[in-house]
Amino acid sequence: MPLANPHLDSLAVHAGRDDLEMLGVHALPLDLSSTNPLPDIERGGESYEAMATGGHPVPDGGFVYQRLWNPTVARFETALAQLEQAQASVAYASGMAAMTAAIIASTSFSGKRHVVAVRPLYGGTDHLLASGLLGVEVTFCAEHEVAVSVRPDTALVVLETPANPTLDLVDIAAVVAAADDVPVLVDNTFATPVLQNPITLGAAMSLHSATKYIGGHGDVVGGVIACDEETAARLRQVRAVTGGLLHPLGAYLLHRGLATLPTRMRAQQAGAVEIAAWLRSHREVEHVYFPGEDDRGLVGKQMHGPGAMITIALRGGYEAAAHLTSSVQLFTHAVSLGGVDSLIQHPAGLTHRPVAAHAKPSANLVRLSIGLESPEDLMADLDSALSVAPAPAARATESEARADLSPEFA
Ligand code: PLP
């Protein structure tokens with residue numbers, strides 16, 4: 001970027017494209033090579049060794065092999081790091097691959113095996129941590145319990161803000177202070193770099209399921225972590241060795257998605273603000289979860305806006321949730337979020353199915369991802385699907401509905 005202090009909107013369009021003019025191209029080049037010609041054994045070998053230990057390719061050493069380095073992925077990483085105001089970023093095959101790499105890197109390089117996790121979290125993250133699959137001990141806690149949960153063997157504090165699915169806000173700077181010298185990872189998926197930059201608040205890592213807003217069109221799965229260069233080297237080493245790399249076609253789509261991210265985010269957020277206000281007075285809606293009512297003023301302080309996710313608690317319990325999700329016409333009943341089209345899903349039954357019963361979201365919650373459709377059309381769709389809600393007598397109680405959910409994970 002030629003400008004000294006570009007606006008986020010300009011960065012989103014131009015970041016990571018510095019070499020395009022030299023290459024004589026206008027659109028992002030897509031390099032799909034799985035392997036690369038080697039200059040000679042010695043220089044190729046040096047490059048291999050540098051990248052397998054988390055470094056960059058050496059001059060004239062070549063990229064060697066896609067699992068170690070790919071220019072299309074590297075361009076996306078440069079751009080994302082700039083949007084996050086971080087030194088670097090490292091991209092993965094999915095958000096969960098990124099989270100796995102962050103936990104492996106934090107524990108193995110520190111020699112510590114304990115992780116503190118602030119609930120609520122995305123169900124997949126909760127499941128990964130609770131499953132013991134990575135051989136770490138986890139203390140789940142609330143935001144105010146971080147300081148007492150951190151131990152001498154704690155390698156990492158994990159939090160999500162806004163959190164999936166109740167959109168709870170966590171004060172990033174306060175958790176960083178409470179964690180003392182333990183690195184803090186913030187899942188920034190719901191806020192995106194447009195609304196929140198955790199690195200500037202002291203977090204060590206800002207993680208995205210890039211599958212969501214960064215891609216924005218529901219056609220790519222990816223993950224990325226913004227951080228400092230030292231952490232990035234560790235994360236790249238884990239990626240090179242374990243193989244959770246982002247495919248270059250995914251990186252191409254994600255990089256292209258960045259250009260419209262600020263505009264999409266602002267438009268989707270504007271629709272969500274309107275829809276959340278309307279839902280607050282809907283007779284079938286018991287409560288609307290939408291960032292903004294936090295008395296700590298975190299929207300405005302650490303976040304530039306509330307985002308475009310809304311969760312509603314329905315008076316009619318699980319039955320009403322089941323009815324709503326299968327009655328909408330313009331919303332698609334599907335997991336995932338952050339795309340240009342609106343999605344609706346039931347967290348307790350789907351995205352948070354693996355979460356322990358006592359921490360599972362209520363059965364009457366439904367999560368909405370607001371897209372770019374007209375807010376009026378989305379409200380009309382919700383209204384007609386909510387208006388034909390089942391009669392109270394037919395409604396299951398919340399505890400009955402919860403007992404029915406996910407017996408294999410209970
Ligand atoms: N973090 C959050 C907040 C999510 O919502 C998700 C997926 O829904 C993930 C992480 C995992 O990302 P992925 O599905 O790309 O592996």
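Modeller: A term first: two strands pair if DSSP finds at least two bridges between them. The model is predicted.

Colleague: Which residue in strand 4 does His-114 stand opposite?
Modeller: Strand 2 (residues 114-118) and strand 4 (residues 154-160) run parallel. Four bridges join strand 2 to strand 4. Opposite His-114 stands Thr-154.

Colleague: Which are the edge strands of the sheet?
Modeller: The sheet is open, with seven strands in the order 1-7-6-5-4-2-3 and mixed pairing. From one strand to the next the twist averages 20°. An edge strand pairs on one side only, and this holds for strand 1 (88-92) and strand 3 (137-141).

Colleague: At about what angle to strand 3 does helix 6 run?
Modeller: Helix 6 (residues 123-131) lies across strand 2, strand 3 and strand 4. Its angle to strand 3 is about 135°.

Colleague: Which strands does helix 10 touch?
Modeller: Helix 10 (residues 229-242) packs on the sheet, and its direction makes about 20° with that of strand 1. The strands touched by helix 10 are strand 1, strand 6 (205-209) and strand 7 (223-227).

Colleague: Are helix 5 and helix 10 roughly parallel or roughly perpendicular to each other?
Modeller: Helix 5 (residues 95-110) packs against helix 10 with the axes 9 Å apart and an angle of about 110°. Angles of 65 to 115 degrees count as roughly perpendicular. Helix 5 and helix 10 are therefore roughly perpendicular.

Colleague: How many nonpolar residues has the contact of helix 5 with helix 10?
Modeller: Helix 5 contributes Ala-101, Ala-102, Ile-104, Ala-105 and Phe-109, which meet Arg-234, Leu-235, Gln-237 and Val-238 in helix 10. By class, one residue is polar, one is charged, and the nonpolar ones number seven.

Notes:
Residues are numbered from 1 along each chain as its sequence is written. This is a predicted model: local features need pLDDT of at least 70, side-chain atom pairs count only at pLDDT 80 or more; totals for chains, interfaces and linings use all residues. Side-chain values use heavy atoms; hydrogens and water are left out. Helices (H or I, at least four residues) and strands (E, at least two) are DSSP runs, numbered from the N terminus. Axes are lines fitted to C-alpha atoms, for helices over the stretch in contact, and angles run from 0 to 180 degrees between N-to-C directions. Contact means heavy atoms within 4.5 Å. Angles under 35 degrees count as roughly parallel, over 145 as roughly antiparallel, 65 to 115 as roughly perpendicular and the rest as oblique. Ala, Val, Leu, Ile, Met, Phe, Trp, Tyr, Cys and Pro count as nonpolar, Asp, Glu, Lys and Arg as charged, and the others, Gly among them, as polar.
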